[in-house]
Amino acid sequence: MLKRKDLLGLYGVSAGEITEILDAAEQMKRAVNSGKKSFDILKGKTLVTLFYENSTRTRTSFELAGKYLGATEVNISAASSSVQKGETLIDTGKTLQALKADFIAIRHPMGGAPHLLAKTVGCSVLNGGDGMNEHPTQALLDMLTIRETFGTFKGLKIAILGDIKHSRVAKSNLFGLTTMGAQVWVYAPGTLIPKGFEELGAHIASSREECIEGAHGVMGLRIQLERQSGGLFPSLSEYSRYYGVNDALLKYAAKDAIVLHPGPVNRGIELTPQVIDGLKSRIEDQVTSGLSVRMAVLKLLSEYREVNCL
Ligand code: CP
């Protein structure tokens, strides 16, 4: 059983808890792949998805996860809610609690917003991405995809290339993968590597080749144009030429390497279309893993709530 009311990040989450989530997700995936889309696990419970930023994968998979598990599921997008009238996050959270929500999956542009919400409400809060901080269920779905391929994390090298600085995905993957015994290597223009990343356990490569050499997983990250104040690299075409991943570079990776990307992809910028659609690509599998990971996290948090009479 998870030892927490909320899933806010992978920082400080133990190897045992990560294994428990991935094992539960594997079971969910088997059931869903065999055609089962109706469970009683969250019967009588309510899941609210509260998204202050756009999303396709995360929001849809949280919504489907809640529905498949039997919960009542409601979606609130900031654009059409009372947030537009100036309501604060805390007041919105208290309103959802008064409406008897059990789970709130939130995406917010400010790092720490889910943590504030979790302190304020008794509902279980699931972080669907907070600013540049963390995106724990994304990293867990990446980890499930990696574990399905290699059966373990120990001894694996995972190369992450792209906008590390603005990436909540990179941080959650760094925390989760290193906890499980993998090595994480990153490569990007110096302006897109956050200060202190090495101290958190990452290896900073000095070339694309060094980053990808012998890697079992090669993950491209989206250039987040919406979070950049500008001037961090000269142009997108130069970025793709000097920092993007193509088939020639993948020859440096391990023979059985897989290619990952959290999506949405800027085709031809962080990865070439040949890499995105190539045989090593697991980008669509990642999306499927996302559904089962979110089902697993909801199930395990629900068990925590039951045991602790929440
Ligand atoms: N990977 C991810 O978070 O995708 P969305 O923005 O579509 O949810």
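**Cysteines, sheet and cores**

The sulfur of C123 lies 17 Å from the closest cysteine sulfur, that of C309, which is too far for a bond. The model is a predicted one, and it holds zero disulfides. The points below treat the cysteines, then the sheet with its helices, and finally the nonpolar cores.

**Cysteines**

- A disulfide is a covalent bond between the sulfur atoms of two cysteines.
- Is C123 buried or exposed? C123 counts as buried because its relative accessibility is 2%, and the limit for burial is under 20%.
- C309, by contrast, is exposed, because its relative accessible area is 71%, and exposure begins over 50%.

**The sheet and its helices**

- Strands of a sheet pair through backbone hydrogen bonds, either parallel or antiparallel.
- Four strands form an open sheet in the order β2-β1-β3-β4, and their pairing is parallel.
- At the edges stand β2 (72–77) and β4 (124–130), each of which pairs on one side only.
- From one strand to the next, the twist averages 15°.
- Strand β3 (residues 103–108) runs parallel to β4 and is joined to β4 by five bridges.
- Within this part of the sheet, H108 stands opposite D130 of β4.
- Helix α3 (residues 89–98) lies across β1 (46–51), β2 and β3, and runs at about 160° to β1.
- Helix α11 (residues 283–307) also packs on the sheet, where α11 touches β1, β3 and β4. The direction of α11 makes about 150° with that of β4.

**Nonpolar cores**

- The largest nonpolar core has 66 residues, of which L140, I146, I164 and M295 touch the most other members.
- This core draws at least three residues from each of two domains: domain 1 (15–134 + 287–308) and domain 2 (136–286).
- Which residues does I164 touch, not counting residues up to four places away in sequence? The contacts of I164 are A170, K171, V186, A188, L192, I193, P194, F197 and L221.

Methods
Residues numbered from 1 in each chain as written. Predicted model: local features only at pLDDT ≥ 70, side-chain atom pairs only at ≥ 80, totals over all residues. Heavy atoms only, no water. Core = buried A, V, L, I, M, F, W, Y, C linked by side-chain atoms within 4.5 Å. Buried < 20%, exposed > 50% of the residue type's maximum accessible area, 1.4 Å probe, protein only. Domains from an automatic or database assignment. Contact = heavy atoms within 4.5 Å. Disulfide = S-S within 2.5 Å. Pairing = 2+ DSSP bridges. Helix = DSSP H or I, 4+ residues; strand = E, 2+ residues; numbered from the N terminus. Axes fitted to C-alpha atoms, helices over the stretch in contact; angles between N-to-C directions.
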